[in-house]
Amino acid sequence: MAHTAHTQPNYIGVFWWLLALTILEVGVIFMPIARVLIAILLVGLALTKASLVAMYFMHLKFERTTLGLIAVTPLLLCMLLVFALLPDHSATPHLTSAAAAPTAPPRSR
Amino acid sequence: MSQVAALHAEVLEPAESPLTPESWGKLGMWIFLAADAMSFGALLAGYGALRYGSADWPVPSHVLGVGLTAFMTFLLICSSVTMVLALASIQREDMAGLRKFLALTILGGLMFLGMQAYEWSHLIHEGLGLTGNPWGASLFGTTFFIITGFHGAHVTGGVIYLSSYLIRSLLGRLQPRHVNQIEIAALYWHFVDLVWILVFTFVYLL
């Protein structure tokens, strides 16, 4: 049961980064810029934070590359899933809108 | 050791895990987490598809308490730090430190769950439900409760998981040689934190 020896990361340093990025995220939603830009910034910040947790807290930075590939695979599959769902919502726009809800046809007696 | 016994030992001795030499359990946890990540990924992708196809989806940051959930995010990040410090403690064979940081991690998880319960009860009181939403598309409520509920169930599982190790340690049944078990539990807890980082962005901020 050997334990992999590696230099311990600066966990408190990672914590301060995560805290700063979280504050930045909350600040971004109030910025007077285009909504698309806000979305891009938020996704970028979230992926950076998730990477910090995976690399340093989960020690992925110190693991074998193949284990990293196992960890990254779900992200790639989920991105594929998003593209697979694209035709669905372009074919049924405003599916969930209350205004688009069909009214029940009158019953014939 | 006789020749027969030596042969038996060779047959029964498990081969070393190819990716995680520390233990097979760690590889098992990574594979479980990859599968679990797909569950969350599918929920978030479904959320995106429904939101994109809706004309009256409310802006989440206008109707959900971003301040409270930002603090919940901070709590989970803190609990991840205490979890890595718990692991560092058992690696140094400091069992008192392990117990202290495990207890703090569990406390962080319990506080997170308490705040989630408060948030849910507040939103339900305002009329948000699994099938109803006073601010527009009803599926907003459905997706909100399913995604945050699924994550909350993971936090609950994590609190129970870590509590079992704290109890074992208090009973003297956890030794420094069990370091791999704590490392595996820590992987699960950090995953719960990682997923919340994504849920916070996609469900509350975007």
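**Figure 1. B:T105 sits in helix 5 (residues 95-125) of chain B.** The model shown here and in the other views is predicted. Is B:T105 buried or exposed? B:T105 has 27 C-beta neighbours inside 10 Å, so B:T105 counts as buried; the cut-off is 20 or more. Leaving aside residues up to four places away in sequence, B:T105 touches B:S79, B:T82, B:M83, B:A86, B:L162 and B:W189. B:V81 lies 24 residues from B:T105 along the chain. The C-alpha atoms of B:T105 and B:V81 are 8.3 Å apart.

**Figure 2. Helix 4 (residues 66-91) of chain B crosses helix 5 of chain B.** The two axes come within 8 Å. Their crossing angle is roughly 160°. Angles over 145 degrees count as roughly antiparallel, so helix 4 of chain B is roughly antiparallel to helix 5 of chain B. The crossing is left-handed. What classes of residue make up the contact between these helices? There are 16 nonpolar, eight polar and one charged.

Figure 3. What follows helix 6 of chain B? B:G172 comes after this helix, with a positive phi near 80°.

**Figure 4. Chain A and chain B meet through 45 residues of chain A and 45 residues of chain B.** On chain A, helix 1 (11-28), helix 2 (35-57) and helix 3 (65-91) each supply at least two residues of the side that touches chain B. Which helix of chain A gives the largest share of that side? Helix 3 of chain A does, with 13 residues. By class, the side of chain A that touches chain B has 30 nonpolar residues, 11 polar and four charged.

**Figure 5. Helix 2 of chain A packs against helix 7 (residues 179-205) of chain B, their axes coming within 9 Å.** The axes cross at roughly 175°. This angle makes helix 2 of chain A roughly antiparallel to helix 7 of chain B. From helix 2 of chain A, the contact uses A:L42, A:V43, A:A46, A:K49, A:A50, A:V53, A:A54 and A:F57. Helix 7 of chain B brings B:H190, B:D193, B:L194, B:I197, B:L198, B:T201 and B:L205. An α-helix has 3.6 residues a turn, so residues three or four places apart point the same way. The residues of this contact divide into 11 nonpolar, two polar and two charged.

Definitions and conventions. Residues are numbered from 1 along each chain as its sequence is written. Chains are lettered from A and ligands numbered from 1 in the order in which they are written. This is a predicted model: local features need pLDDT of at least 70, side-chain atom pairs count only at pLDDT 80 or more; totals for chains, interfaces and linings use all residues. Two residues are in contact if their C-beta atoms, placed from the backbone, lie within 7 Å. Helices (H or I, at least four residues) and strands (E, at least two) are DSSP runs, numbered from the N terminus. Ala, Val, Leu, Ile, Met, Phe, Trp, Tyr, Cys and Pro count as nonpolar, Asp, Glu, Lys and Arg as charged, and the others, Gly among them, as polar. Axes are lines fitted to C-alpha atoms, for helices over the stretch in contact, and angles run from 0 to 180 degrees between N-to-C directions. Angles under 35 degrees count as roughly parallel, over 145 as roughly antiparallel, 65 to 115 as roughly perpendicular and the rest as oblique. A residue is buried if 20 or more other C-beta atoms lie within 10 Å of its own, exposed if 12 or fewer, and partly exposed in between; C-beta atoms are placed from the backbone. A crossing is left-handed if the near helix is turned anticlockwise from the far one by less than a right angle, and right-handed if clockwise.
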